[in-house]
Amino acid sequence: MRIDRFLAPSRIIDLKSRNYRDALLELLALCPPAVFPATPTTATATTAAKPVAATTTATSKPVASATTATTASAAKTSASATTAKTPPAAAAAAATAALAPPHAAAATTPAATPRPPSSAAAAATTPAAAGASATSSAAASAAASAAALAPSGGGILEALLQRERVIPSLLDSAIALPHVRIPLRKKYVFAVGRCAEGLVESADPGDKKVRLIFLVLASDKEKSIHGVLAALAGILEEAAVARLLDGAVLLKEFRAAVNGLFQGVTSKGSLLSSSFNQLMWREAEKIALGARCPTLLLFSDTFAAPANVPAKTAKGLRVVVVARRSYEFDGGDGDAGEAGAKPEYVIVRGHTKSRFSQLRGALLVGLLHGILKPDERVCCLGGTADSDRLDIVQVVELASEFPSVLSSRRDLLPQGVRADVLERALGIATELAVEGREGRPIGCILVIGNRDELKPMVKPLIMNPFFGYPEDDRNILSPFLEETVKELSLIDGAIVINGDGVIDSAGSMLAANMRDAPVLPGGLGTRHAAANAISVAADCIAIAVSSSTGQVTLFRKGEPLMLFERAVK
């Protein structure tokens with residue numbers, strides 16, 4: 001999905017508000033009403049009822065048409081006079097109140113008959129908004145739009161803030177990624193706002209100040225929101241991105257920088273700019289053709305900065321890029337290949353310095369997503385990290401690299417387990433193996449499978465920290481849950497994950513029968529034995545991280561596959 005297709009330049013702004021809540025209202029005001037389902041007059045009744053509740057009640061009584069017209073005119077005049085005297089703080093409060101659930105309006109004016117607002121009523125409110133401060137004006141304007149967009153169980157603003165209370169959307173001290181699912185006619189609506197001085201979330205001066213807000217509204221029927229959030233978080237967390245956005249002084253420059261993040265504009269240089277790299281590229285192509293490899297696998301960490309890569313070589317070989325982020329490379333014209341076409345990506349998080357570990361992880365992820373075939377030969381091309389110099393060519397035959405039980409996507413993935421869930425779990429396990437926690441190596445077990453099948457073999461060692469939370473808030477695909485998972489990995493016991501990514505429990509004992517499990521190689525302890533046993537007892541995958549060696553081992557049907565090991569320092 002191209003994120004920039006859902007982000008119009010007009011929805012990238014400099015925020016006028018200094019308060020986080022009001023800043024969200026500003027961004028909500030940018031969302032086009034056409035993308036929201038038509039809501040009949042409930043929001044209109046809400047906004048009209050607050051300033052002149054008594055008048056609304058009076059007009060609801062059966063009267064002659066002339067009397068009704070006179071009363072309505074008086075109500076407009078009264079509303080205009082009242083609004084003109086409203087201080088900025090009250091205007092902001094009224095803006096927030098406009099996002100209240102529809103039933104709140106019904107309780108305020110039970111006898112009111114909903115009517116569409118007239119143009120005169122809209123005009124009467126405009127002078128008052130113009131007379132308020134810039135912050136209050138932005139908040140009030142946002143309320144007018146957001147009131148009509150409120151989903152049926154509560155306002156959009158309150159839904160956003162409620163999610164923030166459960167899992168904060170701060171990516172670091174300067175960037176926030178608030179998000180919510182609501183009824184939409186489009187899959188997604190994005191809006192971006194920046195505040196150079198930083199936003200204040202409360203009166204506490206010790207709060208972190210947010211300088212960039214990336215608002216995500218997703219359709220309540222859209223299932224890919226966690227993947228989109230993960231992609232956004234991965235891009236926005238890069239240090240180079242922060243420097244890029246800080247360097248954009250004018251709003252026009254800032255808009256170009258934001259859109260450029262999702263169009264590959266950050267790419268610099270060319271893969272074939274060096275004569276030595278051109279030579280290695282041509283020789284790798286010859287080797288691949290001689291070995292009958294249909295795919296050339298390129299490791300992106302060879303380059304210190306992103307470089308343009310063609311989707312195909314001059315001889316028609318398909319190019320697959322191994323990268324940490326899918327935006328690292330932009331399709332270029334290169335010396336050959338389809339102009340503007342982009343290569344396929346295999347995203348492998350937590351790169352280690354071991355080329356063997358990177359290669360195995362890349363091949364496994366490629367198999368998971370169907371990018372590579374089990375009987376395929378792959379020509380791999382790379383070099384020393386950040387050297388900008390290609391110097392390694394290797395041909396790998398997948399059938400001999402992986403055990404037979406792991407050679408096909410159908411056998412590798414248990415029934416009901418999504419490929420991106422397994423990929424995310426592998427990424428977290430790899431980062432734990434490489435980085436540890438608080439400077440110390442740790443070990444853990446992640447089990448992925450059908451919760452109903454696993455339930456008889458899982459016993460709690462502690463109170464379940466995930467119990468009671470909505471499934472959407474405890475999905476491992478969410479980028480905001482990663483730190484929670486890593487922190488809970490310090491606890492003895494396994495983290496159990498359903499096939500759709502919803503985490504069921506942490507600190508759980510695995511009570512599978514070990515007598516049916518095959519004997520493990522020497523040097524593997526009880527953690528690996530438990531992971532091995534449950535992979536045989538249930539249709540699941542178990543991932544074990546060794547605290548002593550940092551090795552990441554995947555178990556499937558009793559077959560161990562060593563994927564990563566911690567680099568020797």
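**View 1. Cys293, a buried cysteine.** Cys293 has a relative accessibility of 2% and therefore counts as buried (under 20% relative accessible area; exposed is over 50% and partly exposed in between, with a 1.4 Å probe and protein chains only). This is a predicted model, in which local features need pLDDT of at least 70 and side-chain atom pairs count only at pLDDT 80 or more, while totals for chains, interfaces and linings use all residues. Residues are numbered from 1 along each chain as its sequence is written, and side-chain values use heavy atoms, leaving out hydrogens and water.

**View 2. Cysteines and disulfides.** A disulfide is a covalent bond between the sulfur atoms of two cysteines. With a disulfide taken as a pair of cysteine sulfur atoms within 2.5 Å, the count is zero. Cys293 takes part in no disulfide, and the nearest cysteine sulfur, that of Cys379, lies 5.5 Å away. Cys540 is buried too, at a relative accessible area of 0%.

**View 3. His528 in helix α20.** Helix α20 spans residues 526-537 and contains His528 (helices are DSSP runs of H or I, at least four residues, numbered from the N terminus). His528 is buried, at a relative accessible area of 4%. Leaving aside residues up to four places away in sequence, His528 touches Leu520, Ala544, Ser546, Thr553 and Phe555 (contact means heavy atoms within 4.5 Å).

**View 4. The largest nonpolar core.** A nonpolar core is a set of buried Ala, Val, Leu, Ile, Met, Phe, Trp, Tyr and Cys residues joined through side-chain atoms within 4.5 Å. The largest has 82 residues, of which Leu177, Phe214, Leu297, Leu422 and Ile543 touch the most other members. Helix α17 (residues 419-435) gives the most to this core, nine residues.

Terms used
Helix = DSSP H or I, 4+ residues; strand = E, 2+ residues; numbered from the N terminus.
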